[in-house]
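Please keep the sequence and the model in view while reading.

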Amino acid sequence: MEEERSGKGAADEAVRARPNARTRRVMVGEVPVGGGAPCAVQSMLNAAADDAAANLAQIERLAEAGCEIVRMAIPRKACLGTFEAVCKASPLPVVADIHFDADIAIEAARRGAAKLRINPGNIGGLAETDRVIAAAREARIPIRIGVNAGSLDSELAARSDMTLPEKLARSAADYVKHFEEQGFYDIVVSAKAHDVMTTVLTYRMLSAEIPDVPLHIGVTEAGTLFQGIVKSASGLGILLESGIGDTLRISLTDDPVEEVRACWTLLAALDLRRRSPEIISCPTCGRCQVDLIALAKEVEARLRSVALPVKVAVMGCVVNGPGEAADADIGVACGKGSGVIFAQGKTLRKVEEGAIVDALMEEIGRL
């Protein structure tokens, strides 16, 4: 018993020692970021910035997929009315994303933004940044300091004695120092690049240099669906596994809903957070006597409407299931034109191939 207590104590201590357990807590609307809160899932709206209905429709889809924070670009002052309308009707906190114009950021804070995202390097310098800080302080909302490899301060970017990760980390840390000198601590930091290892090295430096500040992690401009997910999962997986990252976005040139699905899949794969079903399926081989690829895809499609953290196995033969998927909540092991439905490794019933998906969904409905 003493060994059990000792083991549990060591595990608890390891959790407390993770970098994202030690950062300050920042509230984005009602969503906690940092201070050991679960890593929050974000996405960004890509509907027209002057179309409130289109943005709200997209927010509804994102919320249904599990998004917790949305970001909306405000490219010009004429879009501020739309932004205000979206903030008032949105079920999710809305972050205002502003470049080049401090006046837009200030007005967004007054019109309902749950957080501001700015890059002090392109918002007009530190004097303009201070005006934005004052507006955020008055509105009682946080600011994300967002530094990107493509928009570094020109003087810093020109230095040949520093690597790109060092430049990104230095830029972000210097801005944090300035914000804190103004007495403003309600901040989140991001420092992104499209290169995976540049991103990883940068965030490792930031986690060490500004350990109190919550970090928003992401690989920027990661690409289209397949490439973007692979690049993001490899880089963000490294960071999350080591306890770095208080909120994340997987940036894809695709439907933002796919970003949210990818975030949850990554968090679940790392046993950090679970919201949706996980499919366990074999890659098929010559023993398979059903169309398992089509079967697995149909199961995946049907499970998109299920918001339960269940494990569902779709196995091609008795070699792979139920033995290798004995820990699945529900599953099927296929034979010639049929399948055996099982739960936790125990057989429930045998069904014809055409009835497999419906049978799985019926059993999931009973869980």
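## Terms and basis of the model

A residue is called buried when its relative accessible area is under 20%, exposed when that area is over 50%, and partly exposed in between, using a 1.4 Å probe and protein chains only. On this scale Phe184, at 5% relative accessibility, counts as buried.

This is a predicted model, in which local features need pLDDT of at least 70 and side-chain atom pairs count only at pLDDT 80 or more, while totals for chains, interfaces and linings use all residues. Residues are numbered from 1 along each chain as its sequence is written, and side-chain values use heavy atoms, with hydrogens and water left out.

## The aromatic pair

A pair of aromatic rings is described by the distance of the centres and the angle of the planes. Rings of Phe, Tyr and Trp (its six-membered ring) pair if their centres lie within 6.5 Å, and planes under 30 degrees apart count as stacked, over 60 as edge-to-face and the rest as tilted. By this rule the count comes to 1 aromatic pair. Its members are Phe179 and Phe184, whose ring centres are 6.3 Å apart and whose planes stand at 65 degrees, so the pair is edge-to-face. Phe179 has 1% relative accessibility and therefore counts as buried, and Phe184, at 5%, also counts as buried.

## Buried residues and their contacts

Helices (DSSP runs of H or I, at least four residues) and strands (runs of E, at least two) are numbered from the N terminus, and contact means heavy atoms within 4.5 Å. Arg71 lies in strand E4, residues 69–73, and is buried, with a relative accessible area of 6%. Leaving out residues up to four places away in sequence, Arg71 touches Ser43, Met44, Leu45, Val95, Asp97, Arg117, Arg144, Lys192 and Arg249.

Thr199 is found in helix H8, residues 196–209, and counts as buried at 1% relative accessibility. Apart from neighbours within four places in sequence, Thr199 is in contact with Ala193, Gly218 and Val219.

## Packing of helix pairs

Two packed helices are described by the angle between their axes and the distance between the axes. The axes are lines fitted to C-alpha atoms over the stretch in contact, and the angles run from 0 to 180 degrees between N-to-C directions. Helix H9 (residues 225–241) and helix H10 (residues 256–269) pack at an angle of about 40 degrees, with axes 10 Å apart. Leu225, Ile229, Ala233, Leu236, Gly237 and Leu240 in H9 meet Glu258, Ala262, Leu266 and Leu267 in H10. By class, this contact has 8 nonpolar, 1 polar and 1 charged residues, where Ala, Val, Leu, Ile, Met, Phe, Trp, Tyr, Cys and Pro count as nonpolar, Asp, Glu, Lys and Arg as charged, and the others, Gly among them, as polar. Beyond four places in sequence, Leu266 touches Ala233, Leu236, Gly237, Leu240, Leu248 and Ile250.

Helix H11 (residues 292–303) packs with helix H12 (residues 356–366) at an angle of about 35 degrees, and their axes are 10 Å apart. From H11, Leu295, Glu298, Val299, Arg302 and Leu303 meet Ile356, Val357, Asp358, Leu360, Met361 and Ile364 in H12. This contact has 8 nonpolar, no polar and 3 charged residues.

## Loop residues with positive phi

Most residues other than glycine have a negative phi. Phe100, however, has a phi near 75 degrees; this residue sits in the loop between strand E5 (94–97) and helix H4 (102–110) and is exposed, with a relative accessible area of 67%. Thr284 has a positive phi near 70 degrees, lies in the loop between strand E11 (278–281) and H11, and is partly exposed, with a relative accessible area of 33%.

## The chain as a whole

The chain contains 12 helices and 15 strands, and its C-alpha atoms fill a box of roughly 70 × 55 × 40 Å, taken along the principal axes. Buried residues make up 50% of the 367 residues. Among contacts between residues at least 6 apart in sequence, 62% join residues at least 24 apart.
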